[in-house]
Amino acid sequence: MTERPPVLSVRGLSVRFLMPGGRRVAAVTDARFEVAAGECLALIGESGCGKSVLASALLGLLPANAETAGEAGLDGLDLLSADERTLARTVRGRLIGLVPQSPAAHLTPVRTVRSHLEETVAALTGTRGRRATRAAAEASAARAAFPADHLDRHPHQLSGGLAQRAATALALVGDAPLLLADEPTTGLDRELVERTVDELRRPIDEAGRALLMITHDLSAAERIADRIAVMYAGRIVEIADATAFFGTPGPRHPYSRGLLQALPDRAFAPIPGMPPELDALPDGCAFAPRCPRATDACATPPRPTGTVACHHPHVPEDARA
Ligand SMILES: Nc1ncnc2c1ncn2[C@@H]1O[C@H](COP(=O)(O)OP(=O)(O)OP(=O)(O)O)[C@@H](O)[C@H]1O
Ligand code: NI
């Protein structure tokens, strides 16, 4: 993976929400990761840990009370300091293709799939003329394996799988080097989850796109991702190769191990306790109160190493337990 150049390079990304009364919510703290061409990085972690805020920061879609720090390089541009005009004209759709959370809701009910695609083609690619637009729309449908004979259907006439392909086709129109999917499989049954992630994998493998996929569905992450980034209380606590993470030797951070042990097909043992409030984070490791391996050392913040931020990570020899 390292030999491929990063498409997205995030360095020290932090997001603070300034709340009434001077309260500060530390939604994302010092996030650091890269996503390469032809690679999927899955960002996982419990609800409220900051995944969607991180995505909104990349897209320039944070509310006005948000303050950001750090850098997020994409195609020679720093997404965090880009102005709204640049974000609207060159980032959203063109540099970042957004795969929506709920494709059926994202599509306008009164319009056909063809009309959605043609409008997006005209807006993003500069294609002019009816025939050229029609041909480009059909080509983008084909790239997402959306069947040509369903192009004149309305969203409600599509199965969940085809609605997802239509949404993916729209995300691919602008030829964006980075695809961003926030919970693309929420609410889908298992079979549709698998089909959806397989469809999302296609542009990565066939067109060398980079995919940042946010999910709390670990089996979807295992199926699609090359690498896994685990987020806890706003921080990325571990980044690992997906095969090693889900297989042997397994994750190194106690939180990551807890997430896997909570799965029904593993120990089905939830992590005790709750994540801390993001406006009252402890000085030391935020996971320490729930951590079976915590010691006095955890009162100080763990030093991020780029792979695991923990005072006492599992090492491969003891990671079999
Ligand atoms: N506009 C906002 N103002 C203040 N706090 C916010 C705002 N938006 C999000 N937050 C807080 O930021 C934290 C992270 O939220 P985020 O939506 O990123 O979580 P998530 O990891 O995506 O969770 P989920 O899996 O439920 O989608 C939460 O504590 C949330 O309450
Ligand atoms: Ni979210």
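Domain bounds, as used here, come from an automatic or database domain assignment. By that assignment the protein is divided into domain 1 (1-82 + 177-190 + 207-321) and domain 2 (96-175). The structure is a predicted model, in which local features need pLDDT of at least 70 and side-chain atom pairs count only at pLDDT 80 or more, while totals for chains, interfaces and linings use all residues. Residues are numbered from 1 along each chain as its sequence is written, and chains are lettered from A and ligands numbered from 1 in the order in which they are written.

The C-alpha centres of the two domains lie 31 Å apart. Where they touch, the contact takes 11 residues from domain 1 and seven residues from domain 2, two residues being in contact if their C-beta atoms, placed from the backbone, lie within 7 Å. On the side of domain 1 that touches domain 2, the largest share, five residues, comes from strand S7, which spans 178-182; helices (H or I, at least four residues) and strands (E, at least two) are DSSP runs, numbered from the N terminus.

Leaving aside neighbours within four places in sequence, Leu-178 is in contact with residues including Val-7, Leu-8, Leu-95 and Ile-96.

Turning to the strands, S1 (residues 6-18) runs antiparallel to S2 and is joined to it by nine bridges, with Leu-13 having Ala-31 in S2 as its bridge partner; two strands pair if DSSP finds at least two bridges between them. S1 and S2 form a hairpin with five residues between them, and Gly-21 in the turn has a positive phi of about 85°. S1 is also joined by eight bridges to strand S4 (residues 66-74), again antiparallel, and here Val-10 stands opposite Ala-72.

Around ligand 1 there are 14 residues, of which Phe-17, Ser-47, Lys-51, Ser-52 and Val-53 come nearest, a residue being near if its C-beta atom, placed from the backbone, lies within 6 Å. Strand S2 (24-36) and helix H1 (51-59) each supply at least two residues of this shell, and the largest share, three residues, comes from H1.
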